Structure formats: C-alpha cells, structure tokens
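Look at the model below with charged side chains in mind.

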Amino acid sequence: MSLENQNGSLQTIFNNAVATVQFGHLASNSFPRQLLDRLTAEINSLSLNETVSVIILQSEGTKVFCSGASFDELLQVENEVQGTTFFSGFAHLLNAMRNCSKLIIGRVQGKAVGGGVGIISACDYALATPESAIKLSELAIGIGPFVIEPAVSRKIGKAAMAEMTLAAHEWKSAEWALNNKLFSEIHTAENLDDAVASFAQKLSSYNPEALQEMKKIIWEGTEHWESLLIERAAITGKLVLSDFSKKALTQFKK
C-alpha cells in the first residue's frame, strides 16, 4: 500500500460560495491521525476564507461514510500519552467544526461507526440515505464514545445516546437517526447529491454575516468543549491500553 493510501486522501472543491471537502481511506473511510489533522486544518482554513459561506463534508465511496478511528493505529498505542494524543485528534476536529464560522452540511451516503457518528453530530445539517445506518461500538472494544459524546448528546439527547452506547453491537437505522434529529433529511442514493447541492446553494445565497451569526447561536453553550474533549481523550487513551481493548481490537482486525 502506498503512503498516500495509508494516510488517506483529502480534497476540496470550490463552487461559488460552497466548498466541498471530501475525505477518504481504503479502510472503510477510517481516520489515521494524520488524516484527522489534515481535515482539522482544512476546516480551520475554510473558516477564515471570506469567499466561502457553506462547507459540504463528504467521504469517498458509496457504502460507508466513516468507520471512525484507525484500528491499525489504535493497536500501535503503547502508553497513555500516545493514547491521549491519538484521541485528541477527534477532539480537535470536533472543536474545529464547532468553531468554524461557516455552516457545515454533512453528506452521509452510507454507514457510520464511532467517530463517524461524532463527525455527523458536529455538522450543522446532515442529509443521508436509507442505507446510512449508525452504530457506537466503542464499549465492544473496551473503550467508550467519550470524546464524541458531547456532540452526539447535543444532537440526539442523553437518552438516545445511552441507548446507542449500551447497545454497542446494534445498528440503528437511518430512520431512527432521522427521528432522533441526527439526520435532517433522508434521500435515495440517486437523489442525495442533487439534494445536498440544492440545499447548499440555497444556504449560500443568504447573507454571509447572518449565516455566521446563526452558527454562533447554534453552538451557544459549548465553549467548555475546548478542555472537555481533551479530558475525554485522556480517558479513552487510558482505556485503550487495557488487555480487554487489545484483545478486542485484534479480533476486530481478523
């Protein structure tokens, strides 16, 4: 496998005031730390781009939106410092999305697991397909969705968050995600791109200053996430070192 394939891909396409950011990785669009950092940097850069009003966040392929953290890198974690550093990548990405001055639309074409659900939760509006099932499988590998929990709970509520977390082997349907406000709309796979593009163009036609002020209001009360998500990363970074996690991750890799 080439270095580029190992680290994944990231590209941004501009269409008037809309920036479409696409990430990808051969391992079910999972995130090694380098790809997390690249996406975080891109979101931060677009936040400062005065020609952009709206960001579309999407992934490659058709079946999986994002499968979360890279299992290969998780298995390489040898101490708490490395664990905290790895999981802080998701913390930095969610905070970048939260702090971004642009509204972020998620195009969810397929399944999402773990950190992928967190990324969808950090979008301001998400459009999906009937195939876009979701799952929080962290307890099954000896950790928990600690870093992404604030974002997920903010969207779907504590009760639904607990239901997903405790049923760690259970897929929740796209309809369930729609009913619990994680998704804003569901479209057929054939119509998803048109629906996303249409909504993004409409949104980008509005007053950019009004959009930025609305973004601030949407995320009111989350300022403490700057420190909270890093604290949660430390919890996960410690748990991933357990014998339970090491064995579970090895089994998942088989």
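## Charged pairs

The side chains of Lys172 and Glu163 form a salt bridge, at 2.5 Å from N to O. This is a predicted model. Side chains of opposite charge can pair when their charged atoms come close. Lys172 is buried, because its relative accessible area is 7%, and buried means under 20%. Glu163 is partly exposed, with a relative accessible area of 38%.

The structure holds 9 salt bridges. The table lists three of them, including the pair just described.

| Salt bridge | N to O distance |
|---|---|
| Lys172 and Glu163 | 2.5 Å |
| Asp193 and Arg107 | 2.6 Å |
| Asp37 and Arg33 | 2.7 Å |

Some salt bridges join up. Glu149, Lys158 and Arg232 are linked in a salt-bridge network.

## A pair across the sequence

Take Asp193 and Arg107. Their closest N and O atoms are 2.6 Å apart. Asp193 is partly exposed, at 41% relative accessibility. Arg107 is buried, with a relative accessible area of 12%.

## A pair within one helix

Now turn to Asp37 and Arg33. Their salt bridge has its closest N and O atoms 2.7 Å apart. Both residues sit in helix H2 (residues 33-47). They are 4 residues apart, so about one helical turn separates them. Is Arg33 buried or exposed? Arg33 is buried, with a relative accessible area of 17%. Asp37 counts as partly exposed, because its relative accessibility is 35%.

## Arg33 and a serine

Arg33 also has a polar partner. Which side chain makes a polar contact with the side chain of Arg33? The side chain of Ser88 does, at 3.4 Å. Ser88 belongs to helix H4 (residues 80-99), while Arg33 belongs to helix H2. Ser88 is buried, with a relative accessible area of 8%.

What else is Ser88 in contact with, leaving aside its neighbours within four places in sequence? Besides Arg33, Ser88 is in contact with Ile230 and Ala233.

The Arg33 side chain makes a polar contact with the Ser88 side chain, and Arg33 forms a salt bridge with Asp37.

Note on methods
Residues numbered from 1 in each chain as written. Predicted model: local features only at pLDDT ≥ 70, side-chain atom pairs only at ≥ 80, totals over all residues. Heavy atoms only, no water. Helix = DSSP H or I, 4+ residues; strand = E, 2+ residues; numbered from the N terminus. Buried < 20%, exposed > 50% of the residue type's maximum accessible area, 1.4 Å probe, protein only. Polar contact = N/O pair within 3.5 Å; in protein donor to acceptor, adjacent residues only side chain to side chain. Contact = heavy atoms within 4.5 Å. Salt bridge = Lys/Arg side-chain N within 4 Å of Asp/Glu carboxyl O.
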